[in-house]
Amino acid sequence: AAIARAGVEASPRYGATETGTVGYGCLAPETSDDLHLYHDLRALIQAGADGAAAGLPPRALLYSTLRLRAPLVLLNASLGDQGTIVQWACGCPLERLGWTTHLHTIRSFEKLTSGGMAFLDTVVIRVLEEALPARFGGGPTDYQLVEDESSEGQPRLRLLVHPVVGPLDEAAVADVFLKAIGPGSGVERLMGLLWREAGFIRVERQPPRATASGKIRHLHVERHAAAGLSSASPS
Ligand SMILES: [Zn+2]
């Protein structure tokens with residue numbers, strides 16, 4: 001939404017390191033993330049009702065590679081995203097090239113699990129992208145939640161706010177964040193209150209971290225080196 005407001009047209013490209021590019025933005029899109037699926041490079045199915053046994057929602061997207069030279073061989077692999085697959089005649093040039101399958105409304109179904117509570121990624125992202133900028137200023141990439149551990153190994157959340165946003169009341173930011181991710185009277189709200197009491201979330205003024213490819217993710221996980229390196233290293 002922020003990109004469209006700036007008068008710029010964005011064309012999405014969707015993919016992951018594991019899959020390569022999955023699809024390219026339709027030039028006559030029906031939704032903001034309407035993509036033409038490169039069905040010649042990989043097969044895509046949805047988990048359907050059987051997915052429940054593997055903990056997958058019915059619209060979970062499962063990829064299989066079709067090309068011999070694919071960097072990774074995947075067989076019905078999930079990236080943690082769900083979406084809608086449709087055939088429709090958009091009339092754009094990509095359709096005329098033969099890519100007639102559309103993929104849209106792609107959303108993560110994974111949850112942020114921290115401090116004993118799971119929040120849907122989509123809810124947390126909406127708060128970081130919309131609620132916080134609306135209240136405190138800045139844009140969608142100025143806020144980032146970093147999950148890491150304290151020196152005692154306790155999970156901890158840090159909410160990074162880019163310094164360009166200007167001076168603000170850090171306690172108020174934490175407060176608005178916790179209220180926004182846990183509205184209503186349910187268990188989320190209770191956890192939000194507990195988190196606030198425990199000082200589990202800390203607001204820090206520093207630029208959000210970008211990945212190696214320069215992408216800013218809303219949720220960034222930092223693990224202390226010891227565990228990760230020893231198991232991953234082949235030596
Ligand atoms: Zn199209």
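Me: Buried means under 20% relative accessible area, exposed means over 50%, and partly exposed lies in between. In this predicted model, why is His-39 called partly exposed?
Reply: The relative accessible area of His-39 is 34%. That value falls between the 20% and 50% cut-offs, so the residue is partly exposed.

Me: Where is His-39, and what does this residue touch beyond its neighbours in sequence?
Reply: His-39 sits in the loop between strand 3 and strand 4. Not counting residues up to four places away in sequence, His-39 touches Leu-66, Gly-98, Trp-99, Thr-100 and Thr-101.

Me: What makes Tyr-38 buried?
Reply: Tyr-38 has 15% relative accessibility. The cut-off for buried is under 20%, so Tyr-38 counts as buried.

Me: Why is the pair of Tyr-38 and Trp-99 called an aromatic pair, and why tilted?
Reply: The ring centres are 4.7 Å apart, and the limit for a pair is 6.5 Å. The planes make an angle of 45 degrees; stacked needs under 30 degrees and edge-to-face over 60, so the pair is tilted.

Me: What does this pair tie together?
Reply: Tyr-38 lies in the loop between strand 3 and strand 4, and Trp-99 in the loop between helix 2 and strand 7, so the pair ties together parts that are 61 residues apart in sequence.

Me: How do you know whether His-104 is buried or exposed?
Reply: His-104, which lies in strand 7, has a relative accessible area of 10%. Buried means under 20%, so His-104 is buried.

Me: What makes the link between the side chains of His-104 and Thr-105 a polar contact?
Reply: The contact between these side chains is 2.6 Å, and the limit is 3.5 Å. Residues adjacent in sequence count only if both atoms are side-chain atoms, and this contact joins the side chains of His-104 and Thr-105.

Me: How do you know that the length of helix 3 agrees with its number of residues?
Reply: At 1.5 Å a residue, the 16 residues of helix 3 should span 22 Å; the end C-alpha atoms are 21 Å apart, which agrees.

Me: Where is the kink in helix 3 centred?
Reply: The kink, of about 35 degrees, is centred on Val-127. Val-127 is also one of the buried residues of helix 3.

Technical notes: Residues are numbered from 1 along each chain as its sequence is written. This is a predicted model: local features need pLDDT of at least 70, side-chain atom pairs count only at pLDDT 80 or more; totals for chains, interfaces and linings use all residues. Side-chain values use heavy atoms; hydrogens and water are left out. Helices (H or I, at least four residues) and strands (E, at least two) are DSSP runs, numbered from the N terminus. Buried means under 20% relative accessible area, exposed over 50%, partly exposed in between (1.4 Å probe, protein chains only). A polar contact is a pair of N or O atoms within 3.5 Å; within protein, one must be able to donate a hydrogen and the other to accept it, and residues adjacent in sequence count only if both atoms are side-chain atoms. The expected span of a helix is 1.5 Å times one less than its number of residues. The bend at a residue is the angle between axes fitted to the seven residues ending there and the seven starting there. Rings of Phe, Tyr and Trp (its six-membered ring) pair if their centres lie within 6.5 Å; planes under 30 degrees apart count as stacked, over 60 as edge-to-face and the rest as tilted. Contact means heavy atoms within 4.5 Å.
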